[in-house]
Amino acid sequence: MTTTAVTIQPASEADHKGVVDILIASYAEYKDTFQDQQRWEAYVKDIEESLDNPYLTQLWVAKVDDQIVGTVQLFETAHNAYPNFELPIDYPFIRLLGVDPAWRGHGIARELLRQCVASAKDMGKNTVYLFTGGQMTNAIRLYERFGFVEDEEFSTRSSGGNAICYRYDS
């Protein structure tokens, strides 16, 4: 755990570029797991456009001395998080959790996840969901240590996909 003071707060419009920069830096470690450069570029475009999603309920940032070191998005439902997919998960849904690689290991991701759980409770829900890619081993380890469990009903691994659905019940 870090001894540096980390604050979790709603992102302002002025934070948006920093949020995108953190997300791209955070997910860059998985760039080589994409089938080709074109798919990676499409993923980066999705990250850049994610802040324009009209269904984005909460955008949180973790800051140390006014520097953004992490971020996470929370939606009221899975369908709001992924409007192009019919996902019958009517619970708060976490998307695009990212921590500046230089700040990993300081408990920032755990604090962002705690904020999402607290926000879900404020919405009257005791469960939150998220998807992660099977190649994102560091993320999987984080989620499982936090207490998330795979919800096989919504994971695509059994059907040849690479998306793992996790749920957390508080």
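Trainee: Is L96 buried or exposed?
Mentor: L96 is buried, because its relative accessible area is 7% and buried means under 20%. Keep in mind that this is a predicted model.

Trainee: Where does L96 lie?
Mentor: In strand 4, which covers residues 93-99. L96 also has a positive phi of about 50°, although it is not a glycine.

Trainee: What about phi of D66?
Mentor: Phi of D66 is near 65°. That is a positive value, and D66 is not a glycine either.

Trainee: And is D66 buried or exposed?
Mentor: D66 is exposed, since its relative accessible area is 71% and the cut-off for exposed is over 50%. D66 is found in the loop between strand 2 (56-64) and strand 3 (67-75).

Trainee: Let's zoom out. How many helices and strands are there in the chain?
Mentor: Five helices and seven strands. From the N terminus on, they run β-α-α-β-β-α-β-α-β-α-β-β. The radius of gyration of the chain is 15 Å, close to the 15 Å that the globule rule gives for 170 residues, so the chain is as compact as a globular protein of that length.

Trainee: What does the C-alpha trace span along its principal axes?
Mentor: About 45 × 40 × 30 Å.

Trainee: What share of the residues is buried?
Mentor: Buried residues are 47% of the 170 in the chain.

Trainee: Now the inside. How many residues has the largest nonpolar core?
Mentor: It has 57 residues. Y27, F93, I94, Y143 and F148 have the most contacts inside this core. Helix 4 (residues 108-122) gives the core its largest share, seven residues.

Trainee: Pick F93. Which residues does F93 touch?
Mentor: Leave out residues up to four places away in sequence. Then F93 touches Q73, L74, F75, T77, A78, A81, Y82, Y129, L130 and F131.

Trainee: What share of the chain's contacts joins residues 24 or more positions apart?
Mentor: Such pairs account for 61% of the contacts with a separation of 6 or more.

Trainee: New topic: W103. Where does W103 lie?
Mentor: In the loop between strand 4 and helix 4. W103 counts as buried, because its relative accessibility is 17% and the limit is under 20%.

Trainee: Which residues is W103 in contact with?
Mentor: T4, V64, Q67, V69 and I108, leaving aside neighbours within four places in sequence. There is also a distance to G70 to look at. W103 and G70 are 33 residues apart in sequence and 8.3 Å apart in space, C-alpha to C-alpha.

Trainee: How far apart are E48 and G70?
Mentor: Their C-alpha atoms are separated by 15 Å. Along the chain, E48 and G70 are 22 residues apart.

Trainee: And which helix is E48 found in?
Mentor: Helix 2, residues 37-50. E48 is partly exposed, with a relative accessible area of 42%. Beyond its neighbours within four places in sequence, E48 is in contact with V20 and I24.

Trainee: Last one. How many positive and negative charges has the chain?
Mentor: There are 15 positive and 25 negative charges. Their mean positions are 5 Å apart.

Conventions. Residues numbered from 1 in each chain as written. Predicted model: local features only at pLDDT ≥ 70, side-chain atom pairs only at ≥ 80, totals over all residues. Heavy atoms only, no water. Core = buried A, V, L, I, M, F, W, Y, C linked by side-chain atoms within 4.5 Å. Buried < 20%, exposed > 50% of the residue type's maximum accessible area, 1.4 Å probe, protein only. Helix = DSSP H or I, 4+ residues; strand = E, 2+ residues; numbered from the N terminus. Contact = heavy atoms within 4.5 Å. Rg over C-alpha atoms; globule rule 2.2 N^0.38 Å. Lys, Arg positive; Asp, Glu negative; His and termini not counted. Charge placed at Lys NZ, Arg CZ, Asp CG, Glu CD.
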